[in-house]
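Got your viewer open and a selection tool ready? Let's take a short walk through one structure, stop by stop.

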Amino acid sequence: MSLETLIPVTGTIMNITRGGDCCSQMIAMRTGNGVVNFMVDSQTFVIDSRQLRTGMRVAAFYDSSLPVPLIFPPQYRAQLIATPGRNEQVTLKHFNRNLLASDRSLQLNIADSTMIQTANGQVFDCHPGNQTLLVYYSVTTRSIPPQTTPGRVIVFC
């Protein structure tokens with residue numbers, strides 16, 4: 001899975017149905033742009049192995065380099081699913097050694113309270129720069145680039 005081509009869709013799970021086999025599910029999400037369907041299977045990485053439920057707010061990431069059927073509502077295969085908290089946002093980007101996102105959309109200010117861990121939940125004791133990071137944050141400054149002190153950072157080594 002190439003993390004650079006993953007695009008997030010954030011919304012609330014409306015419905016979960018069984019997919020074509022017992023190892024997959026179809027999730028219907030209500031987003032700000034309407035309904036979007038996601039196929040979740042054994043290859044989908046769910047952060048913290050959370051059990052997905054109706055009414056849960058999630059950010060589902062799909063691979064923009066893969067073909068998708070031209071149907072409505074849109075249907076994607078979820079590569080990664082994160083569950084942001086109330087008033088929390090998530091972003092998945094590559095950050096340089098100064099913790100500036102590669103697209104200059106966000107600057108991280110790591111605090112002592114910021115929880116930094118690897119994708120499998122282990123403590124990450126090194127500097128998280130020059131890595132692809134899944135960042136959980138709530139507020140940003142109005143500067144350019146916006147700055148935030150994240151509550152949690154997951155490092156994809």
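This is a predicted model: local features need pLDDT of at least 70, side-chain atom pairs count only at pLDDT 80 or more; totals for chains, interfaces and linings use all residues.

**Stop 1: the salt bridges.** There are three salt bridges to find here. Start by selecting Arg77 and Asp41, whose side chains form one of them, with N and O 3.1 Å apart. Arg77 is partly exposed at 28% relative accessible area, and Asp41 is partly exposed at 21%.

**Stop 2: Arg152 and Asp48.** Show these two side chains next; their salt bridge has an N to O distance of 2.7 Å. Arg152 is in strand S12 (residues 152–156) and Asp48 in the loop between S4 and strand S5 (57–63), so the bridge ties together parts 104 residues apart in sequence. Arg152 is buried, with 14% relative accessibility, whereas Asp48 is partly exposed at 48%.

**Stop 3: Lys93 and Asp103.** Select this pair for another salt bridge, with the closest N and O atoms 3.1 Å apart. Lys93 lies in strand S7 (residues 89–95), and Asp103 is in the loop between S7 and strand S8 (107–108). Lys93 is partly exposed at 22%, as is Asp103 at 43%.

**Stop 4: Ile116.** Finish in strand S9 (residues 115–118), where you will find Ile116. Is Ile116 buried or exposed? Ile116 is buried, because its relative accessible area is 15%, under the 20% cut-off. Now display its contacts beyond four places in sequence, among them Ile110, Phe124, Pro128 and Val153.

Methods: Residues are numbered from 1 along each chain as its sequence is written. Side-chain values use heavy atoms; hydrogens and water are left out. Helices (H or I, at least four residues) and strands (E, at least two) are DSSP runs, numbered from the N terminus. Buried means under 20% relative accessible area, exposed over 50%, partly exposed in between (1.4 Å probe, protein chains only). Contact means heavy atoms within 4.5 Å. A salt bridge is a side-chain nitrogen of Lys or Arg within 4 Å of a carboxyl oxygen of Asp or Glu.
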